[in-house]
Amino acid sequence: MTNSENINFKYLLFFFIGIFSFFLSGYTLRGIHPPTSIYLMFVIYGVLFAGGLLVSRERSSGFILKAFAVSFTALLLISVAFFALGALSHEYSKFMGAEKLEFAPDEFVIVTEEELDEYPALKRAVESPGEYFSVDPEEWRRTIDFLDEKGAYEIKVGNEYYSISFMTA
């Protein structure tokens, strides 16, 4: 193996150290919440980086800076991708449900059958009280806007009263 191939192999080692740091910290830091988990992730990264320097037996400052850049970039990119995926799934995780009330609330609005036909998620919630179900984000937002315009999340349909709830994951 030539010296150039040897150096490239060592950079590859540090690339995988960056990736492994993310997964190892995710495994070991379950249940620890930010910002503590981020600080501890950097501690794990530092330990693995130092271990990589010991294994590679390279001591030049140029190599150390490049190895740091390679490994930290890998750690940063995979972290950003993970959090972006989490934000995306959160954006599309919308739930809705209705609880049937045994009493007439102080404030409520009347929703007609025609209005229920215009808002299928609201209709489904009223037809199956106590059940929470996934709703298309656009329909979820549209239903919230409708109830905001009406002025309350407690509604009367026919002779029954319901409390409408909206949730995100």
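Ser 21 is found in helix H1, which spans residues 3–28; helices (H or I, at least four residues) and strands (E, at least two) are DSSP runs, numbered from the N terminus. The model is a predicted one, in which local features need pLDDT of at least 70 and side-chain atom pairs count only at pLDDT 80 or more, while totals for chains, interfaces and linings use all residues. Residues are numbered from 1 along each chain as its sequence is written, and side-chain values use heavy atoms, with hydrogens and water left out.

Ser 21 counts as buried because its relative accessibility is 0%, where buried means under 20% relative accessible area, exposed over 50% and partly exposed in between (1.4 Å probe, protein chains only). A polar atom of the Ser 21 side chain lies 2.7 Å from the backbone oxygen of Ile 17. Not counting residues up to four places away in sequence, Ser 21 touches Ile 44, Tyr 45, Leu 48 and Leu 75, contact being heavy atoms within 4.5 Å.

Leaving aside neighbours within four places in sequence, Ile 164 is in contact with Met 96, Gly 97, Ala 98, Leu 122, Leu 147, Tyr 153 and Ile 155.

## The sheet and its pairing

Five strands form an open sheet with mixed pairing, in the order S2-S4-S5-S1-S3, and two strands pair if DSSP finds at least two bridges between them. The edge strands, each pairing on one side only, are strand S2 (109–110) and strand S3 (133–134).

S1 and S3 pair in the antiparallel sense over two bridges: the partner of Phe 95 in S3 is Ser 134, and that of Met 96 is Phe 133. S1 and S5 also pair in the antiparallel sense, over eight bridges, and Gly 97 stands opposite Ser 165 in S5.

## Helices on the sheet

H5 packs on the sheet, where it touches S1, S3, S4 and S5, and its direction makes about 45° with that of S1; axes are lines fitted to C-alpha atoms, for helices over the stretch in contact, and angles run from 0 to 180 degrees between N-to-C directions. H6 lies across S1, S2, S4 and S5 and runs at about 135° to S5.

H5 and H6 pack at an angle of about 80°, with their axes 8 Å apart. Pro 120, Ala 121 and Leu 122 in H5 meet Glu 139, Arg 142, Thr 143, Phe 146 and Leu 147 in H6.

## An exposed loop residue

Arg 57 lies in the loop between helix H2 (36–56) and helix H3 (61–91). Although Arg 57 is not a glycine, it has a positive phi of about 60°, and Arg 57 counts as exposed because its relative accessibility is 70%.

Note on methods:
A polar contact is a pair of N or O atoms within 3.5 Å; within protein, one must be able to donate a hydrogen and the other to accept it, and residues adjacent in sequence count only if both atoms are side-chain atoms.
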